[in-house]
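Hi,

Here is the structure I said I would pass on. Have a look at it first, and my notes on what turned up follow below.

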Amino acid sequence: MRPLRITVLGTGYLGTAHAAGLAGLGFEVLGVDTDPARVGALAAGELPFYEPGLQSLLREGLASGRLRFATSYADAAAFGDVHFVCVGTPQRPGSYQADLSQLEGCLAALAPLLTRPCLVVGKSTVPVGTAARCAQILARRSPVGQRAELAWNPEFLREGHAVADTLRPDRIVAGVVSARAEGRLRQVYADALAAGTPFLVTDLATAELVKVAANAFLATKISFINAMAEVCEVAQADVLDLAEALGHDRRIGPGGLRPGLGFGGGCLPKDIRAFMARADELGVGHALGFLSEVDAINRRRRARVVALARELAGGSFSGRTVAALGVAFKPGSDDIRDSPALDVAVTIRGLGATVRMFDPAALGNACRAYPELEGAGSVLGAARDADVVLLLTEWPEICDTDPEVLAKTVARRAIVDGRHALDPARWRAAGWTYRAPGRGREPE
């Protein structure tokens with residue numbers, strides 16, 4: 001029996017990681033995208049974004065001949081036994097709803113070309129009910145009708161950990177309507193199943209909900225500890241000690257209880273907003289009303305870091321220089337979408353400060369998006385003559401900065417640790433005024 005051949009439709013972050021990962025597992029994989037420039041870069045072994053370890057996996061797949069890229073849906077239909085749909089579902093402009101135009105366009109292009117039985121597998125994050133509509137589109141528009149079957153297999157990639165999460169997932173969710181579809185997905189994930197990865201079989205709607213529910217829960221947990229940070233500041237308590245104590249409760253656990261600047265990126269914020277919008281459409285918006293406050297708490301963390309920086313700047317940013325250390329939404333990524341760090345930097349620039357930023361991966365993206373901000377090639381370069389230093393993304397090369405060395409380049413020794421990544425005692429011993437959200441004032 002011929003091994004399964006796989007196509008991956010959409011070669012953004014998710015699609016590229018999935019295609020390279022499957023090729024690394026021994027499958028023949030064709031990645032398809034309508035952007036010729038992106039396809040050309042990937043075919044040359046170049047990643048259009050930063051992700052640790054992924055470029056080498058991509059190049060290994062290309063060198064082996066198991067991985068290639070194309071712009072043709074006709075090639076995809078002729079090649080693939082299993083088609084993974086990995087296109088983007090961004091937030092719709094002016095709305096909390098998800099924009100499904102890329103998904104709809106992908107299916108509209110693929111379905112009429114499906115002339116033999118196959119499995120189409122959605123991996124994109126979508127509002128519940130989308131899969132059922134996609135199944136109807138496939139059955140209606142494909143020449144083989146219902147033999148072009150649909151399944152839903154949500155992704156759980158973390159930026160900065162995409163290779164590990166692709167090759168060694170912590171669970172696999174298979175939303176299917178037949179034993180045949182389940183069997184095909186078990187073939188695709190045979191290595192992970194052999195290693196003991198849980199394989200959870202559900203209906204289509206439950207599979208769709210797993211991803212958005214997981215993101216909603218994580219966002220809630222992060223915002224909960226940041227809400228506690230607000231209380232800790234006025235009560236002269238310490239949110240880090242509080243988080244540690246809570247994390248020892250086995251019903252709660254430590255994961256996600258990291259106070260600071262809050263969450264961002266291209267997935268978590270837009271996914272919880274789309275979840276709220278879909279719940280409203282279904283008439284159960286009240287069930288997710290708490291997510292509005294989760295979102296609001298997260299946004300307030302940014303404002304609090306700005307307020308702490310203004311305090312250290314003497315009450316006004318006018319004429320001040322501020323160093324923004326880190327602008328990616330998290331370390332291990334060059335993604336600046338809905339980045340709390342970059343939002344803080346832009347806000348402070350708007351309040352009159354000169355803002356000079358450093359980030360080991362996202363600096364170019366940030367400078368292109370916000371040319372009014374200055375870029376620097378190092379931590380020391382960003383901190384030159386700064387009145388206030390802000391730690392906004394906890395990259396190791398930023399967190400490992402020696403406070404004694406940094407003190408020699410700044411105008412004033414004042415730092416806001418927006419990610420609780422530094423040792424306050426060490427920085428205070430070096431003469432720095434140290435502030436962090438959620439920690440009561442300590443003697444200087």
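Sorted by class, the residues lining the largest cavity come out as 7 nonpolar, 1 polar and 3 charged. Before I go further, please keep in mind that this is a predicted model, and every value here is computed from it.

**Enclosed spaces**

Rolling a probe the size of a water molecule over the atoms is what shows where empty space is left. For this model, that gives 2 cavities of 30 Å³ or more.

The largest cavity has a volume of about 70 Å³. If you want to find it on screen, pick out Ala 98, the stretch Thr 125, Val 126, Pro 127 and Val 128, then Val 212, and finally Lys 270, Asp 271, Ala 274, Phe 275 and Arg 278. The element that gives the most to this lining is α12, with 5 residues.

The second largest cavity comes in at about 30 Å³.

Two or more residues each come from α5 (101-110), α6 (130-141) and α12 (268-281). There are 18 lining residues, and Leu 100, Glu 104, Pro 127, Thr 130 and Arg 133 are the ones that lie nearest the centre. Their classes split into 9 nonpolar, 3 polar and 6 charged.

Most residues other than glycine have a negative phi. Gln 236 is not a glycine, yet its phi is positive, at about 60 degrees. Gln 236 sits in the loop between α10 (204-235) and α11 (239-247), and it is exposed, with a relative accessible area of 51%.

His 420 is another non-glycine with a positive phi, of about 50 degrees. You will find His 420 in the loop between β13 (414-417) and α19 (424-429). So is His 420 buried or exposed? With a relative accessible area of 9%, His 420 is buried.

**A threonine in a loop**

Thr 197 belongs to the loop between α9 (190-194) and β8 (199-202). Its relative accessibility is 12%, so it counts as buried. A polar atom of the Thr 197 side chain lies 3.3 Å from the backbone oxygen of Pro 169. Setting aside neighbours within four places in sequence, Thr 197 is in contact with Pro 169, Asp 170, Arg 171, Ile 172 and Ala 192.

**Cysteines**

How many disulfides does the structure hold? The count is 0. Take Cys 118: the closest cysteine sulfur is in Cys 106, and because the two sulfurs are 12 Å apart, they are too far for a bond. Cys 118 is also buried, at 1% relative accessibility. Cys 399 is buried as well, with a relative accessible area of 17%.

That is everything from my side, so over to you!

Key:
Residues are numbered from 1 along each chain as its sequence is written. This is a predicted model: local features need pLDDT of at least 70, side-chain atom pairs count only at pLDDT 80 or more; totals for chains, interfaces and linings use all residues. Side-chain values use heavy atoms; hydrogens and water are left out. On a 1 Å grid over the protein atoms alone, a cavity is a set of points where a 1.4 Å probe fits but cannot get out, and a pocket is an open set with protein on both sides within 12 Å along at least five of seven lines; lining residues have an atom within 4 Å of a point. Helices (H or I, at least four residues) and strands (E, at least two) are DSSP runs, numbered from the N terminus. Ala, Val, Leu, Ile, Met, Phe, Trp, Tyr, Cys and Pro count as nonpolar, Asp, Glu, Lys and Arg as charged, and the others, Gly among them, as polar. Buried means under 20% relative accessible area, exposed over 50%, partly exposed in between (1.4 Å probe, protein chains only). A polar contact is a pair of N or O atoms within 3.5 Å; within protein, one must be able to donate a hydrogen and the other to accept it, and residues adjacent in sequence count only if both atoms are side-chain atoms. Contact means heavy atoms within 4.5 Å. A disulfide is a pair of cysteine sulfur atoms within 2.5 Å. Grid points are joined across faces, edges and corners, and a volume is the space filled by probe spheres set on the points.
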